[in-house]
Amino acid sequence: MEVTKVTNATRVFKIGEVQTKALRGVDLSIVSGEFTALIGPSGSGKTTLLQLIGLLDQPTTGKVFVNGQDATSLNRNQRADLRKNAIGFVFQFFALIPTLTAYENVEMPLLLNGTKPAERKARINEMLEAVGLSDRGHHRPDQLSGGQQQRVAIARALATNPKLILADEPTANLDTENGKQIMDIMQRLNQETGVTFIFATHDPRVISYARRVVTLQDGLITKDSTE
Amino acid sequence: MTQLFKLAYRNLGRNRTRSVLSALAVSFGMALLLLMAAVINGEMRGSMETTIKLQSGHLQIRPASYDENKISLKWDDLILNPDQVIEKVKSLSQVTVATPRLIASGILTLSDESKGVQIVGIEPDSAANQPFREGMIAGEFIKADDREGILIGKTLADKLKLNVNDRVNLLVNTSNGNVDEQLFTIRGIYSTRTPAYDENMVFMPLVKAQAFTATENHVSTIFVMLQNAEQAEPVAQALQSADYKVLTWRDQNTLIVAFEDYAGAFMIIFYLIVLGITATVVTNTLIMAVFERTREIGILAAIGMKGRGIMAQFLTEAALLATGGVIGGLIIGGALIAYFTVYGIYIGDYGMTGALFEDRIYAHLTLGDTINLTIVTYIITLIASLYPAVLAARMEPVEALHAAGG
């Protein structure tokens, strides 16, 4: 089943009078259960593509489908709803809310989702356990290491049981050991739950985890290889 | 909802000093408004009470032709045999005091100084004279059969350096157009704490005043006090007669009534200025918070929080700031008002034609003003937070996520 599809997508940024073409017509289809890496040099368009798939941004032309739904025809609130229910995010910076504990950070998407308290509690504990942080639930982000914060972010991304997780350079700010741990967790969750992962990276050690590697250069997909 | 408040509370706690200062701005703004409302209220109330007590009464009954500005002593402009009218007035249950008074223009002269005064003939035993009796600071109150004694006010005594038992010469215009003069002895000095009044009013027994001004059994007015001021209109209606004018305290104190209305308008402008300044502080604080937390706004948007959820977040923070500010305002304002209610604010001799002011203003805060100001402050603080809240809600997730801050 196709989790997301991008057809002939372009994205042009205008800064003053200067136009920058971040994507020049990208076609990409991702099916359920994939563990896909988007690779390419800086400025190749991998983050922009991830943002389009994640409905954080809109293509200048072309279409983006999520779970078969044309997301480019949705308004701002409808896109937010689709993100809430279908997509999880892991960012390069450890994107946690600093005033909330690890437990509360994982709880946030469940609150937005309207999950009932008992079910919420069970799900949070399950997710924290899945990333090996059962005993760190009451810690705030500034009391956790970078690796631990990224694991909380993964737990949060998975909390609402989305079909698709998008990770933008998830190990870029981590040392080798923590980076490996994060990739191991993502791979395990992909295998155990069947959730689809798409991650942007240019770290060769991270690329080695991917079963499919999509290479971008100058806003175009230049190579798409499956192991 | 609990989460919303929890998150808002923690967000405010991130920069405690800034949050406390913002709440204090709301507190000081509100305290200032409460104090202003209480002072103006107190001033209006005090002035009206003083003027009623000393000068106008709740009602005055005067001859139809009497002109207050001329202080005429012509018999046609006076009430003959006031006892009949007083009897009728006293038959009404709302009336507590009804007493005749004769008012004449005079000049008090010393060997080298003179001063224009108003001579008022009173029935010394009347309860209407209680403010003067209570305000005696030297000597004794005049008696009904005293033929030479007068009372003068403290301000006049101070200005002319007069003391009890000093003898002064009084000149007066009589009813037949002549001028008469006589030496009087100062029996006592009173203070109503209303300098403008105490400088001008000289009291003597009514019978003596009538003899001195050749008005015989006539009086200028019948001074009436009621159980409360609100009874003035119906009692005035009940006493209407073709022979007399019945003037209520409102009729006689049009300046104070008008001033009260102007004070209301002035207060609204003052509210807007102070709350405008307070609102600016709150807006700035929240705008700073929005820019500091732009990336977090992006994260919340990314995980599916809609614009209205983000807006609610900032409005909740503003609501908490407003709550803290309003509580602080009630405490600070309440303490200031409590002090000025007891000790007053000294304004000295603030004389004004048509209105009497005591030398101190005593703050008087009403429950209505307290509730109104609490609600207005709360609403203005929330309105002030609308712009930053909308700013946060309208941020594009992708731009917010890539912001340098937060």
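User: What makes strand β9 (residues 212-217) and strand β10 (residues 220-226) of chain A count as a pair?

Analyst: Two strands pair if DSSP finds at least two bridges between them. Strands β9 and β10 of chain A are joined by six bridges in the antiparallel sense, so they meet the definition. T215(A) stands opposite K223(A) in β10(A). The hairpin of these strands has two residues between them, and D218(A) takes a positive phi near 50 degrees there. This is a predicted model, in which local features need pLDDT of at least 70, side-chain atom pairs count only at pLDDT 80 or more, and totals for chains, interfaces and linings use all residues. Residues are numbered from 1 along each chain as its sequence is written, while chains are lettered from A and ligands numbered from 1 in the order in which they are written.

User: How many helices and strands does chain A have, and what makes a stretch count as one?

Analyst: Helices (H or I, at least four residues) and strands (E, at least two) are DSSP runs, numbered from the N terminus. By that rule, chain A has seven helices and ten strands.

User: Why is strand β3 (residues 35-39) of chain A described as largely enclosed?

Analyst: A residue is buried if 20 or more other C-beta atoms lie within 10 Å of its own, exposed if 12 or fewer, and partly exposed in between, with C-beta atoms placed from the backbone. In β3(A), five of the five residues are buried, so the rest of the structure largely encloses this strand. In a regular strand the side chains alternate between the two faces of the sheet. From β3(A), F35(A), A37(A) and I39(A) point one way, whereas T36(A) and L38(A) point the other way. For chain A as a whole, 47% of the 227 residues count as buried.

User: Which strands pair with β3(A), and how do they run?

Analyst: Strand β8 (residues 196-201) of chain A runs parallel to β3(A) and is joined to it by five bridges; L38(A) stands opposite A200(A) in β8(A). Strand β9(A) also runs parallel to β3(A), with four bridges, and T36(A) stands opposite R212(A) there.

User: What makes β2 (18-31) and β5 (69-70) of chain A edge strands?

Analyst: Four strands of chain A form an open antiparallel sheet in the order β2-β1-β4-β5. Strands β2(A) and β5(A) each pair on one side only, and they are the edge strands. Strand β1 (residues 2-15) of chain A is joined to β2(A) by eleven bridges, and F13(A) stands opposite T20(A) in β2(A).

User: Why does the radius of gyration of chain A agree with that of a compact globule?

Analyst: The radius of gyration is taken over C-alpha atoms, and the globule rule is 2.2 Å times the number of residues to the power 0.38. For 227 residues a compact globule would have a radius near 17 Å, and chain A has 17 Å, so the two agree. The C-alpha trace of chain A spans about 50 × 40 × 40 Å along its principal axes.

User: How do you know that chain A touches chain B, and which helix of chain A gives the most to that side?

Analyst: Helices α2 (76-86) and α3 (102-113) of chain A each supply at least two residues of the side of chain A that touches chain B. Helix α2(A) gives the most, with six residues.
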